[in-house]
Amino acid sequence: MVLNELGARINGALQALSRASVIDEKAVDALLREVCSALLESDVNVMLVQKMRQNVKKRVNMDELASSTNKRKVVQNAVFEELCGLVDPGVQPWKPQKGKQNVIMFVGLQGSGKTTSCTKLAVHYKRKGMKVGLVCADTFRAGAFDQLKQNASRAHVPFYGDYSETDPVQIAIEGVAQFKKSKFDLIIVDTSGRHKQEAELFAEMEQIAAAVKPNNTIFVMDGTIGQAADSQARAFKESVDIGSIIITKMDGHAKGGGAISAVAATGSPIEFIGTGEHVHDLDKFSARPFISKLLGMGDISGLVETVQDMHIEKNEDMMKNLAKGVFTLKDMRDQLQTIMNMGPLNKIMGMMPGMSPDMMKGFDADESTRRLRSYMCVFDSMTEAELNSDGKVFEEESRLRRVARGAGVRPVEIQALLYQHKQFGQIVKKMGGPKGMLSKMNPNAMQQMAKNPGAINPNMLKQMGGMGGMQKMIQQMGGMGGVQNMMQQMMGGGGGGGAGGMGGLQDMMQQMMGGMGGMGGGMGRGRR
């Protein structure tokens, strides 16, 4: 995708600065020249680029920097902060509240992806426990009713529309009223696509907004629109109060720079980014994590939020087994199911620190997902007693053949899966049990870590034996190399190759997600 190319170019410019023997005005100018060139080629408004360059020069005054100052870090931080400023207007997007009746109206150009984005947003908030309904108020485009109805049906989201009614304002009023009567938390209204020159459609949009009184109006911006984004965004802003922006089609050849121009034109924050056609291909946007991810620095906060949405702490049996140092086949199945529920594997992989755009090239997310589904077929073919075991029961060849027939795979594939489970089990055994590191934590500590995986408070760290205890835990797990080797074999035996010297974690993640073909000497994919 072109956005990755933008990140690679900016990242390359920053790395060139790191290799420079002397950091002076000449080096800074060379850096800014490359960064600005990359932004302009991505259709960012030239005035915005010029302003960013001037701001960086103001932040980095070589004459005022002391000789002991790390000039590289000062320059890199200045560029990072200004890149964040391009996509962050300093306004927080409106958020619906569970338990209250919230109405969101979608507006945008024809073909920008509004209808698909409506369904994606509905699924996003449905996963957060909200009761969501969709209303089709698009009577202008043929097929809009059927498209939203089919999308809503596949996503299991309630839908309202009327084939016979031609007045979109009346449909919007009736749909919102019906869902409010049924105590829905969030009602999403899809409207017709319109161009700034279509006065009648703009008037219709204003009428719908006046009738349903939305809490938030979302402007859907096509990531491929280019320099035309500025004028279109201003036209919409003048007609309705745009609260936030969703940028679509960022998975293909979209340069994305026009969307940045739209942020400046409307003064509204980007709330989500559409990265594909599937209902889960909607990434929550936050300026700093987005720029970090763009430059290959990862998005830890996004990863933590994704994990928290899975409510791992509710699996009490697994948490108890982990504390005892026990890891059953059922525990492994539950963990793999959690990974699959987190969304596309390439999306998760992109949140990992150090996963630069270059490292993502050649990664086959579909093949990785097929491998995980094959594993789930194997688990589904086991009895309850077999799932609650440590896997030793499969030393009987008759059991192995029975499960292989049920899952549609070869026995050697199940043997490989059992070997990987054994490796997981050895690590869990070292961490848990009466002598493991987890035994030093109070009974509620495990639950606290599951509920808040993004932070370990000082008291919890003290229970684990301080930083020395953390280091000892890693040693018990066989060091970072032991964890890496286990994860590599879990997802493919290292068939994906190294990560170009980027370090242990990056190498592990690339091989974990990209090396799917190496396990078991060229095994099949399971069910076909």
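How much accessible surface does the protein chain have, and what percentage of it belongs to carbon and sulfur atoms? The accessible surface comes to about 24700 Å², of which 50% belongs to carbon and sulfur atoms; areas were computed by the Shrake-Rupley method with a 1.4 Å probe, and for residues only the protein chains shown count as cover. The structure is a predicted model, in which local features need pLDDT of at least 70 and side-chain atom pairs count only at pLDDT 80 or more, while totals for chains, interfaces and linings use all residues. Residues are numbered from 1 along each chain as its sequence is written, and side-chain values use heavy atoms, with hydrogens and water left out.

The protein chain contains 25 helices and eight strands. Of the 528 residues, 51% count as buried, where buried denotes under 20% relative accessible area, exposed over 50%, and partly exposed the range in between (1.4 Å probe, protein chains only). Contacts were defined by heavy atoms within 4.5 Å. Among contacts between residues at least 6 apart in sequence, 73% join residues at least 24 apart.

The largest nonpolar core has 73 residues. A nonpolar core is a set of buried Ala, Val, Leu, Ile, Met, Phe, Trp, Tyr and Cys residues joined through side-chain atoms within 4.5 Å. Within the largest core, Ile10, Leu39 and Ile291 touch the most other members. When residues up to four places away in sequence are not counted, Ile291 touches Phe80, Leu83, Cys84 and Val87. A second, separate core of 23 residues includes Ile104, Tyr125, Cys136 and Phe145.

Salt bridges were assigned where a side-chain nitrogen of Lys or Arg lies within 4 Å of a carboxyl oxygen of Asp or Glu. By this rule the count is 14. Side chains of opposite charge can pair when their charged atoms come close. In the pair formed by Glu82 and Arg59, the closest N and O atoms are 2.8 Å apart. Glu82 belongs to helix α4 (residues 71-87) and Arg59 to helix α3 (residues 46-59), so this bridge ties together parts that are 23 residues apart in sequence. Glu82 is buried, at 11% relative accessible area, whereas Arg59 is partly exposed, at 46%.

Arg402 in α19 (residues 397-407) and Glu386 in helix α18 (residues 384-387) are 16 residues apart, and their side chains meet at 2.8 Å, N to O. Arg402 is partly exposed, with a relative accessible area of 32%, while Glu386 is buried, at 1%. Both residues belong to a network of salt bridges that links Glu386, Glu396, Arg399 and Arg402. Arg401 forms a salt bridge with Glu397, with the closest N and O atoms 3.4 Å apart. Arg401 and Glu397 are four residues apart in α19, so about one helical turn separates them. Arg401 is partly exposed, at 42% relative accessible area, and Glu397 is exposed, at 56%.

The buried residues of α19 are Leu400, Val403, Ala404 and Ala407. Viewed down the axis of α19, these residues fall within an arc of 105°, so they line one face of the helix; the arc is that of the directions from the helix axis to the C-beta atoms. Just after α19, Gly408 adopts a positive phi of about 75°.

Methods: Helices (H or I, at least four residues) and strands (E, at least two) are DSSP runs, numbered from the N terminus.
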